[in-house]
2 protein chains.
Amino acid sequence: MITMTDIAEKAGVSRSAVSFVLNNRPNSGIPEGTRQRIIEAAIEMGYRPNQLARAVASGKTRMIGYLVSEPNYEPSWKTIMGALAEAEELGFTLKVFSVTRETFVERVRQCVELRLGGIVASLIGGHQVVFEETNRAQIPLAIVDAGVAQPFGATVLADDAIGLDAAIKHLVNWGHQRVGFISSGFPQLFGGQDDIGTARERLFSRAMKKHGLSVPASYVTRETMAVFGPEVDTEANLGSAIAATQALLSLGEGRPTAICCWRDETAMVAIRACVEAGVRVPEDISVVGFSDLSASRFFRPPLSTVQSPWDALGRMAVRQLCHRMEEEFSPAPTTHRVPSHFVARQSTGPAPH
Amino acid sequence: MITMTDIAEKAGVSRSAVSFVLNNRPNSGIPEGTRQRIIEAAIEMGYRPNQLARAVASGKTRMIGYLVSEPNYEPSWKTIMGALAEAEELGFTLKVFSVTRETFVERVRQCVELRLGGIVASLIGGHQVVFEETNRAQIPLAIVDAGVAQPFGATVLADDAIGLDAAIKHLVNWGHQRVGFISSGFPQLFGGQDDIGTARERLFSRAMKKHGLSVPASYVTRETMAVFGPEVDTEANLGSAIAATQALLSLGEGRPTAICCWRDETAMVAIRACVEAGVRVPEDISVVGFSDLSASRFFRPPLSTVQSPWDALGRMAVRQLCHRMEEEFSPAPTTHRVPSHFVARQSTGPAPH
DNA sequence: TCAATTTACTAACGCGCGTTAGCAGGTTAA
DNA sequence: TTAACCTGCTAACGCGCGTTAGTAAATTGA
């Protein structure tokens, strides 16, 4: 590997001169002739600066780390790819770490040891621990899609209220008055209470109230998700979604004429549960999803759903992180929202009389 | 940031002693007492070794780079995630780079400058250039899912023949004799001819011959794909797939009773084109896909398709790369195949008389 | 008792680079 | 004529670490 010393020798100058020229430092006093000689030597020898050494010497890195707890989940990688694109546009490189409940502390330490300039965390729980570790090392932190705003770092959230509002408006336009909700809760967070499910339920109630509709307690149910491992998305894991759907259907005459689900997968399972119970979708009941997975437009019926802006979330997280990397380190929390959009397909229709 | 010097001071020893203990070097002659003192000091001060400096000093990196040309494509990220998992299990970290025709040379240079220990390339074309660059820097290269084996580095391929063979066997069992093929070609490769489409067509012919079936030239068509950008997977891009399907359907009485498509997306478009032409799937014609996208099981009818082992491809690529990283550098080509599997769903059925 | 060995370390160099201080020679201004 | 300044560099230090050579003191062996 060619080093600066090699090209200094070839150009007949000192290594310092080479460093000055290659970093084209102003006021270094290297005249054009010498400058050209050095550059030509560098090109001729195929010199490539060692970024590691550069980082050690300068104490700065243009690398950012990305922690994911569910790498095989479609929303996860869409967010990653958004982050990757933004990072590259801003001149950073992205290092991805997958994380389990057992390994996530160790992974954060790895990031510290690699002296990464900043960290994006896309986790289900465990943010507190990540913060403690990064804060100690003075590493800026951005948290993406955590459900609720965190009391540290830059939290980047989808503005679910916008999409949810549009969804309910859509249902109201179809004449629906009684709308049920299947929330999603995680019983096995890394470390902490599950306030996410509750937050979602509040969000739903607020959105309903905005349209002058009330939500009986029996209309709000919750599926319980096992968090880790590739089985997250399989139907086998969604037994509780079936139970939640059946609970709503069993409410008799006063049952909801529409159901909002927190995830597209939940909506798919709910629809299947409805059909199996002899309830047609959307003729007898309308179902709304959340996420807009690639499979959702191929589902029968194609899902009406709130598109979560995964790509934009990743981009925003990186952008906010870079802001923090440029400034003095601060653990102060900030929150940034990215709008979501409702897209009407065929799982919703006019309310039955 | 705490350094070795800090903890040497605290423990009352030299920095060398600290280095010896923390790397628990054999025969360093540090007695247990001193050893404990140093370790305690390190823990107490929350010492984290600077892996960058370590890499500079030792000249070795446990980082591998991953170049992707189509990061938003489902098979791409499945492969990435496989690679990530394998890398972490082997104690490496993964740096992902997305690549366009304009930036891919620059990205390879970045990898060199970061002194990455090895590179996985998941590209459509351009392998030759990547090889030249990495070979000059003596960086091991693994190429994943390139369609055909490359004359350098470790090529990791899906053994499509296995799945294709199973698919044709499946069709033959349903009584099909006349099977058409819609291949996929890339007109805009990074640099070079498109021999991939041709290779696929040969593969198909061989598989058919194996089952005693011949393939008239008119049975083999090809869709032409625009390569880059997020529009790759949209239906808008698949006009040529519609044309290819119509060409097969227009063959009149002697037309194929089954069609194999090189991609699931192609199969979806082909099915739609059939239905629009009044040809029912699978009653009048059977259609087989390739890939097994997550949407494919939700498509109507659910696609019979060859599952490509994306995850395993990524894992294999990293494993082969790590082999090369351990040994003396060599540009010699090797090829590694990962089996594929056929999964029968509802887009195939008995041949019509 | 004294050389030979072992023990327990330290000093010093190098990795490739960024950066600051400074120096020799020429030019300018008073 | 001499101090002040500019030009065109170089010497030297430091980043945090791995590694080799070496050294003073303690121990051993004959």
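Q: What makes a residue count as being around DNA strand D, and which come nearest?
A: The criterion is a C-beta atom, placed from the backbone, within 6 Å of the strand. Around DNA strand D there are 24 residues, and Ser14(A), Ser16(A), Gly29(A), Thr3(B) and Ala57(B) come nearest. This is a predicted model, in which local features need pLDDT of at least 70 and side-chain atom pairs count only at pLDDT 80 or more, while totals for chains, interfaces and linings use all residues. Residues are numbered from 1 along each chain as its sequence is written, and chains are lettered from A and ligands numbered from 1 in the order in which they are written.

Q: Which elements supply the surface near DNA strand D, and which gives the largest share?
A: Helix 2 and helix 4 of chain A, with helix 2 and helix 4 of chain B, each supply at least two residues. Helix 4 of chain B has the largest share, five residues. Helices (H or I, at least four residues) and strands (E, at least two) are DSSP runs, numbered from the N terminus.

Q: What surrounds DNA strand C?
A: DNA strand C has 23 residues around it, the closest being Thr3(A), Ala57(A), Ser14(B), Ser16(B) and Gly29(B). On this surface helix 4 of chain A gives the most, five residues. The classes are twelve nonpolar, ten polar and one charged.

Q: Which residues is Leu171(B) in contact with, leaving aside its neighbours within four places in sequence?
A: They are His176(B), Val179(B), Ala258(B), Ser286(B) and Thr348(B). Contact requires C-beta atoms, placed from the backbone, within 7 Å.

Q: What makes strand 1 of chain B largely enclosed?
A: Six of its six residues, 63-68, are buried, so the rest of the structure largely encloses strand 1 of chain B. Burial holds on both faces: Met63(B), Gly65(B) and Leu67(B) are on one side, and Ile64(B), Tyr66(B) and Val68(B) on the other.

Q: How do you know that strand 1 and strand 2 of chain B pair?
A: Pairing needs at least two bridges found by DSSP between the strands. These two have six bridges and run in the parallel sense, so they pair by that criterion. Gly65(B), for example, has Lys95(B) as its bridge partner in strand 2 of chain B.

Q: How do strand 2 of chain A and strand 2 of chain B pair, parallel or antiparallel?
A: Over three bridges, they pair in the antiparallel sense. Leu94(A) has Val96(B) as its bridge partner.

Q: What makes a set of residues a nonpolar core, and how many residues has the largest?
A: A core consists of buried Ala, Val, Leu, Ile, Met, Phe, Trp, Tyr and Cys residues joined through C-beta atoms within 7 Å. The largest has 100 residues, and Ile64(A), Val120(A), Ile64(B) and Val120(B) have the most contacts inside it. Apart from it lies another core of 77 residues, Leu164(A) and Ile271(B) among them.

Q: Why are strand 7 and strand 12 of chain A edge strands?
A: The open sheet has six strands in the order 7-6-8-9-10-12 (chain A), with mixed pairing. Strand 7 (220-224) and strand 12 (341-343) each have a single partner strand, so one side of each lacks a neighbour in the sheet.

Q: At what angle does helix 9 of chain A run to strand 6 of chain A?
A: Helix 9 (residues 196-210) runs at about 160° to strand 6 and lies across strand 6, strand 7 and strand 8 of chain A. Angles run from 0 to 180 degrees between N-to-C directions, with axes fitted to C-alpha atoms, for helices over the stretch in contact.

Note on methods. A residue is buried if 20 or more other C-beta atoms lie within 10 Å of its own, exposed if 12 or fewer, and partly exposed in between; C-beta atoms are placed from the backbone. Ala, Val, Leu, Ile, Met, Phe, Trp, Tyr, Cys and Pro count as nonpolar, Asp, Glu, Lys and Arg as charged, and the others, Gly among them, as polar. Two residues are in contact if their C-beta atoms, placed from the backbone, lie within 7 Å.
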